[in-house]
Every structure is written in C-alpha cells, then in structure tokens.
Amino acid sequence: PPPAPPPSTPSSAASDVYKRQRLALLASARDRLSARIWMRRGLVSQLLIGTAASVSLFAFGPRLVPFVFGADFVPSIELVRIMAWSPLFIAVSSFLGFCVLLPFRLDTRWLAGVAGGAFAGVVGALFFIPLYGATGMAISAVLAEGAVAVIFAGSLLRRSSAVIPGLNRDH
C-alpha cells in the first residue's frame, strides 16, 4: 500500500486559501450580512496595516536608511519617503484582488487593474523621469500602485451587487 499522507497541519498557504474563499462562500450561501461584514473588516484591517507600514516608513525612514545602509545612502531618504506610501496601496489592492476579485472569478477585472497600473507606471515614468530623475521614478511607482488599488475598488463599487451578491445595502 502507498505510504500514508503526513498529518495535516495548518499552514499559512491553507489559511490564505481559506481567507480568499471566505467571502465567496458567504455570498454564495446568501449570508449577505456576513459577507458585507467580512469584506468591511478585511478592508479596514488592510487599510490599518498598510497605513501603519506607510507612516512608519515615512517617519522612521530618515533614521533607518543611515543605520541600515550607511551614511553614503542619506541622499536616498527622499526616495524612501516617496515610496513609503506603496505599502498602503499594495495592502488595499492585494485584499481586493486576491480576496474579492479572484475568488469570484473576476479575472478580467483583476487583469484590467493590473494592466491599468502597469500603464500608469509606464506613462508616469515617461513623464516624471525626464523632469525629476530618480525621484520621478519613485513617484511613478507609487502612482502605479495607487492606480491598481483605485481600479480594483472602482470595479467593485460600480456594480457591487451584481458582482458580489449581498453587498448591496438594500437587501
């Protein structure tokens, strides 16, 4: 006989898959209130985590850069402070993309958000790099991340009740 499979232990990957499918399961079971609460709590937690990371990088970046990389990297503090806002946008877009759009098989909306972010990054780079150099690229990168988050949120807000049953407040 084949060897017995190892005992199942909770893993971060299994937990992540569960979290991703949680909203889809609640909405498909027509547990509209729970679906709405889960989505709101998840988004708020990601906003808090992203904001904490961004504010921390912005506030402590001037002390961390010389400590971690040395005095030669002090001129990069400006870039760190600009890029500090990326964790906020990444936290929001990751939650909306991986925990909401993809479990509902809204791959085309997810792809549109990613493509829109890439487009914003390229256009931003073409515009800002000639004007501001490395600072312009940092601005462009943050704008690209922000564009993904805004496109994901916009695609859900436009037709939330049609996309995710139960998220409309009227029901």
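In the protein chain, 71% of the contacts with a separation of 6 or more are between residues 24 or more positions apart, a contact being heavy atoms within 4.5 Å. The model is predicted, so local features need pLDDT of at least 70 and side-chain atom pairs count only at pLDDT 80 or more, while totals for chains, interfaces and linings use all residues. Residues are numbered from 1 along each chain as its sequence is written, and side-chain values use heavy atoms, with hydrogens and water left out.

The protein chain contains seven helices and zero strands; these are DSSP runs numbered from the N terminus (helices H or I, at least four residues; strands E, at least two). Of its 171 residues, 32% are buried, where buried means under 20% relative accessible area, exposed over 50% and partly exposed in between (1.4 Å probe, protein chains only). The accessible surface of the chain is about 10,700 Å², and carbon and sulfur atoms contribute 69% of this; areas come from the Shrake-Rupley method with a 1.4 Å probe, and for residues only the protein chains shown count as cover.

Ala125 is buried, with a relative accessible area of 16%. Beyond its neighbours within four places in sequence, Ala125 contacts Pro130, Met137 and Ser140. The C-alpha atoms of Ala125 and Ser140 are 5.4 Å apart. Other buried residues of α5 include Arg109, Gly113, Gly116, Gly117, Gly121, Gly124 and Phe128. Just after α5, Gly133 has a positive phi of about 65°.

The axes of helix α4 (residues 86-101) and helix α6 (residues 134-158) come within 8 Å and cross at roughly 35°; axes are lines fitted to C-alpha atoms, for helices over the stretch in contact, with angles from 0 to 180 degrees between N-to-C directions. Residues making this contact include Phe89, Leu96 and Leu101 of α4 and Val142, Phe152 and Ser155 of α6. Ser155 is buried, with a relative accessible area of 4%.
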